[in-house]
Amino acid sequence: MNDTRRDARPQDFRVAVDDLERFMLALLRRAGADEASADAVTRALVTASRMGTDSHGLRLLPHYLQALEGGRIRGAPRMRFTRHLPATGYLDAGDGFGHLAGYTAMDQAATMAEEVGVGAVAVGNSSHFGAAGCYALSAAERGLIGLAVCNSDPFVLLHQGRAPFHGTNPIAFAAPVAGQSPYLLDMATSSIPWNRVRQYGAIGHELPDQVAADAEGRVTRTPAEVAALLPLGGSDFGFKGAGLAGMVEVLSSTLSGMLNGFRLLPMGGPDLATPRGVGHFFLALNPAAFVERSTFASCLGDYLADLRAQPAGSGAEVLAPGDREWRCQARRDAEGIPLDSANQTAYAALAEATGIEPLKRLG
């Protein structure tokens, strides 16, 4: 989940987790979100930012408020869940927040998994749901294995393609680890996230090779020239990333009866009144339905111990998926969540416009 390689310096603007939650909840409720929606959005955004993924955390709040006020997202959606078979169901998200749809769908999947071993839920008529890892993590917190995927509007080339076709189409997977934080993989199927392009452009750095392309589909390392991202594997082996993105597309849009990502309205486009109809897919597995729970715990513990014990390059460390995020979370819980200058300005403007008590700077 973590796309932050270097956290803010101690002298930067930092806020306490509970203060950020207070501010987000107040803004969302004022903009018309019901209690369940406001709670779900706040939970997901704060979870992402605690783990260092501000691009899918606190940075998104202003956009969500605009989409809510514009009518694209319904603040009090009439969601309907239908359980079709003992282990499958469909959630009509009612054009509400994807975060509420995500937590609701994974909760239903987890309940089925606890009953019959497996639970799978397709979601339609939804919207952007932030960091996919939040929903896989919610399954792991119940002692289950969780998988969450979602399609999005086009940012990424097909292998040997010239124009964006797939979205970044994330895959998130989490598993409970006895006595430790969960195993947590949250990855885009593009070589890098779009936010990384903007980040490199802002600091005047060249991009790594084989991660982005210009308007003609040619690899470029200049952020200002980027018109699309390359799939995982770059120009030579991008069929791997493109194939994974297609798998996500099949699970998230076709199982939910929604438009494929190429046909979706852009998240950042000028139309903030028309619902986008995003699709998601969630899977929960109960380890105890396959082996004894103690056997699963022992085997996963051995695997992670062996992984972390592997030799690393000079000055490096071998980490399991999630290790970086949990370290960042511990640091940010203790020191506060940093806001860069752009987010400081945006959040101060929101406080001034609404009269809601602004965030308090720690230290």
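A cavity is a set of points, on a 1 Å grid over the protein atoms alone, where a 1.4 Å probe fits but cannot get out, and its lining residues have an atom within 4 Å of a point. The second largest cavity is lined by Arg-72, Ile-73, Asp-95, Ser-126, Ser-127, Pro-275, Arg-276 and Gly-277. Its volume, the space filled by probe spheres set on grid points joined across faces, edges and corners, is about 30 Å³.

This is a predicted model, where local features need pLDDT of at least 70, side-chain atom pairs count only at pLDDT 80 or more, and totals for chains, interfaces and linings use all residues. Residues are numbered from 1 along each chain as its sequence is written, and side-chain values use heavy atoms, with hydrogens and water left out.

## The largest cavity

There are 2 cavities of 30 Å³ or more, and the largest holds about 40 Å³ of space. Around the largest cavity sit His-63, Tyr-64, Arg-72, Ile-73, Ser-127, His-128, Met-267 and Arg-276.

## Two packed helices

Helix 3 (residues 61–70) packs against helix 11 (residues 341–354) at an angle of about 40°, with the axes 10 Å apart. Helices here are DSSP runs (H or I, at least four residues), numbered from the N terminus; axes are lines fitted to C-alpha atoms over the stretch in contact, with angles from 0 to 180 degrees between N-to-C directions.

Which residues in helix 3 and helix 11 meet? Leu-61, Pro-62 and Leu-65 in helix 3 touch Ala-346, Tyr-347 and Leu-350 in helix 11, where contact means heavy atoms within 4.5 Å.

How values were computed. 1 Å grid on protein atoms, 1.4 Å probe; cavity = no way out; pocket = protein on both sides within 12 Å on 5 of 7 lines; lining within 4 Å.
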